[in-house]
Amino acid sequence: SAHWEPRYTFSVTRRPVHNRIDSVFSFRDGLIASQVDTFSLWRWSRMALGFKGMLLGWTPFVRDAIKTQGRRGLDTWIARRA
């Protein structure tokens with residue numbers, strides 16, 4: 001497991017983000033087989049999206065849209081390295 005606190009600028013809104021993440025890993029053959037991150041999505045959405053995130057970041061609709069966008073970004077990143 002690991003605790004990490006990345007600081008970055010969210011590219012969509014150019015807003016600064018300081019996320020607090022706890023990660024749990026499982027390993028197979030010396031490589032990471034799975035990783036599960038836990039953090040406050042509402043806290044993240046307030047920083048990344050501003051007022052809109054503060055008002056709506058806790059809703060299932062916005063939460064699912066954020067997850068979908070994040071997954072697309074990860075898939076694109078993986079495809080570029082394959």
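**Contacts.** I looked up sequence separation first: among contacts (heavy atoms within 4.5 Å) with a separation of 6 or more, residues 24 or more positions apart account for 27%. The model is predicted, and I note that local features need pLDDT of at least 70, side-chain atom pairs count only at pLDDT 80 or more, and totals for chains, interfaces and linings use all residues. Residues are numbered from 1 along each chain as its sequence is written, and side-chain values use heavy atoms, with hydrogens and water left out.

**Layout.** I find three helices and five strands, in the order β-β-β-β-β-α-α-α along the sequence. Both kinds of element are DSSP runs numbered from the N terminus: helices are H or I with at least four residues, strands E with at least two. The C-alpha atoms fill a box of roughly 45 × 25 × 25 Å, taken along the principal axes.

**Surface.** The protein exposes about 6,400 Å², 59% of it supplied by carbon and sulfur atoms; the areas come from the Shrake-Rupley method with a 1.4 Å probe. Of the 82 residues, 22% are buried, meaning under 20% relative accessible area with a 1.4 Å probe, protein chains only.

Leaving out residues up to four places away in sequence, Trp-44 touches Tyr-8, Phe-10, Val-17, Asn-19, Phe-39 and Ile-66.

The largest pocket has a volume of about 1,200 Å³. A pocket here is an open set of points on a 1 Å grid where a 1.4 Å probe fits, with protein on both sides within 12 Å along at least five of seven lines; lining residues have an atom within 4 Å of a point. The volume is the space filled by probe spheres set on the points. Of 28 lining residues, the closest to the centre are Phe-39, Trp-44, Ile-66, Gly-70 and Arg-71. I see two or more lining residues from each of β2 (7-10), β5 (31-38), α1 and α3; α3 gives the largest share, eleven. By class, the lining has 16 nonpolar, eight polar and four charged residues, with Gly counted as polar and Pro as nonpolar.

**Thr-38.** Thr-38 is in strand β5. I list Arg-20, Ile-21 and Asp-22 as residues it touches, not counting those up to four places away in sequence.

Definitions and conventions:
Buried < 20%, exposed > 50% of the residue type's maximum accessible area, 1.4 Å probe, protein only.
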